[in-house]
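Please open the structure in your viewer and display the backbone as a cartoon.

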Amino acid sequence: MTAKVTLSFSDETIAEARRFARREGLSLSAWMDRAAREKALRELFGAHADAVRRAAAHANLDLEADALADEREAAMVHRAMFGEHGAA
């Protein structure tokens with residue numbers, strides 16, 4: 001479902017949005033819809049990441065070390081399954 005709304009943007013913002021929309025083969029409305037949705041998701045995921053960081057700090061967890069260990073483990077499994085230079 002879509003809703004029609006009236007919004008005001010600076011001339012510069014509209015010109016840039018139109019340029020990006022054309023480049024991506026989208027209408028201005030579709031491009032603006034996608035841009036707004038992406039911004040909303042970034043805000044949501046950013047807030048979630050902040051909450052996870054606060055919880056990790058409170059629990060004395062090292063998220064970076066855990067993430068690096070997960071990355072090493074994933075690489076090890078990939079090598080075991082596909083060899084050193086196997087396809088992903």
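Begin by selecting helix 2: its 31 residues should span 45 Å at 1.5 Å a residue, and its end C-alpha atoms are 45 Å apart, which agrees. The expected span of a helix is 1.5 Å times one less than its number of residues. Helices (H or I, at least four residues) and strands (E, at least two) are DSSP runs, numbered from the N terminus.

This is a predicted model, in which local features need pLDDT of at least 70 and side-chain atom pairs count only at pLDDT 80 or more, while totals for chains, interfaces and linings use all residues. Residues are numbered from 1 along each chain as its sequence is written, and side-chain values use heavy atoms, with hydrogens and water left out.

**The whole chain**

Three helices and zero strands are present, and the order along the sequence is α-α-α. The C-alpha trace spans about 55 × 40 × 30 Å along its principal axes. The radius of gyration of the protein is 21 Å, whereas a compact globule of 88 residues would have one near 12 Å; the radius is taken over C-alpha atoms, and the globule rule is 2.2 Å times the number of residues to the power 0.38.

Switch to a surface view. The accessible surface comes to about 7800 Å², with 58% of it belonging to carbon and sulfur atoms; areas come from the Shrake-Rupley method with a 1.4 Å probe, and for residues only the protein chains shown count as cover. Of the 88 residues, 6% count as buried, where buried means under 20% relative accessible area, exposed over 50%, and partly exposed in between (1.4 Å probe, protein chains only).

**Phe20 and Trp31**

Next, show the side chains of Phe20 and Trp31. How are the two rings of this aromatic pair arranged? They are stacked, at 5.9 Å centre to centre and 10 degrees between the planes. Rings of Phe, Tyr and Trp (its six-membered ring) pair if their centres lie within 6.5 Å; planes under 30 degrees apart count as stacked, over 60 as edge-to-face and the rest as tilted. Phe20 belongs to helix 1 (residues 11-23) and Trp31 to helix 2 (residues 28-58), so the pair ties together parts that are 11 residues apart in sequence.

Trp31 counts as buried at 17% relative accessibility, while Phe20, at 24%, is partly exposed.

**Along helix 2 and beyond**

Move to Ala49 in helix 2, which counts as partly exposed at 25% relative accessibility. Just after this helix, select Asn60, which takes a positive phi of about 60 degrees.

**Asp62 and helix 3**

Asp62 lies in the loop between helix 2 and helix 3 (63-82) and is partly exposed, with a relative accessible area of 45%. What does its side chain reach at the start of helix 3? A side-chain oxygen of Asp62 comes to within 3.1 Å of the backbone nitrogen of Ala65. A polar contact is a pair of N or O atoms within 3.5 Å; within protein, one must be able to donate a hydrogen and the other to accept it, and residues adjacent in sequence count only if both atoms are side-chain atoms.

Finally, follow helix 3 itself: its 20 residues reach 28 Å from first C-alpha to last, close to the 28 Å expected at 1.5 Å a residue.
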